[in-house]
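Subject: Structure handover and findings

Dear colleague,

Please find the structure below, handed over for your own work.

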Amino acid sequence: MHTSTNLASVRSSTLSHWMKVALQKGKQGVQRGERPFGAAIYRLTGEEVAVTCNTVFSTNNPAAHAEVNAITQACQSLGKTKLSDCWLLATAEPCPMCLSTAALAGIRFIAFGATQAVVKEAGYGDLGLTGREFAKQLTTDLILQGPVLGNECVSFLLNNRKRDQLG
Ligand SMILES: [Zn+2]
């Protein structure tokens, strides 16, 4: 078992590398007409467990955010419902739904790229509460770290602003 302390001590260069993988996946999603969000789940050991993008349009599922997809895929891949030995990487600050899902999965460490302010600036869903604000309301001790690979993640969002009113 890895302790929380060990989990938290992942090098920033490692987090940047993991974020780059999530970002690449988000870019693939955009090429398929999805929203510009990517996510990844890594074990402290460096094992890649899941890399996903937003699939709201292709699945007609408003809950199919990149982070929820990553958590679902990771749990199914590992055959368990707890991911307490994992980091969640998200190219943008997770919304309250994604943070709740992460908390339910026992994830404590989350790294994000762009802040919620940039998400809003790009025209995407604003539930009126940032991930960091929401995390403070949870009894679970979530640690949000960011920005990681901030410039790249901000550019990705702003270069793929919401152009439609599809939801
Ligand atoms: Zn979300």
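The protein chain has eight helices and five strands; these are DSSP runs, helices being H or I with at least four residues and strands E with at least two, numbered from the N terminus. This is a predicted model, in which local features need pLDDT of at least 70 and side-chain atom pairs count only at pLDDT 80 or more, while totals for chains, interfaces and linings use all residues. Residues are numbered from 1 along each chain as its sequence is written.

Overall form

From the N terminus on, the order of elements is α-α-β-β-α-α-β-α-β-α-α-β-α. Of the 167 residues, 44% are buried. A residue is buried if 20 or more other C-beta atoms, placed from the backbone, lie within 10 Å of its own, exposed if 12 or fewer, and partly exposed in between.

Helix H2

Helix H2 (residues 12-31) has 20 residues and reaches 29 Å from its first C-alpha to its last, close to the expected 28 Å, which is 1.5 Å times one less than the number of residues. Its buried residues are Trp18, Met19, Ala22, Leu23, Lys25, Gly26 and Gly29. Seen down the axis of H2, these fall within an arc of 165°, so they line one face of the helix; the arc is that of the directions from the helix axis to the C-beta atoms. On the other side of H2, Ser13 and Gln31 are exposed. After H2 comes glycine 33, with a positive phi near 90°.

Backbone points to check

Most residues other than glycine have a negative phi, and most peptide bonds are trans. Asparagine 60 has a positive phi of about 50° and lies in the loop between helix H3 (56-59) and H4. Asparagine 60 is exposed, with 9 other C-beta atoms within 10 Å. In leucine 149, phi is also positive, near 55°, but this residue counts as buried, with 24 C-beta neighbours inside 10 Å. Leucine 149 sits in the loop between E5 and H8. Proline 147 is placed in the loop between strand E5 (143-145) and H8, and the peptide bond from glycine 146 to proline 147 is cis, with omega near 0°.

Yours sincerely
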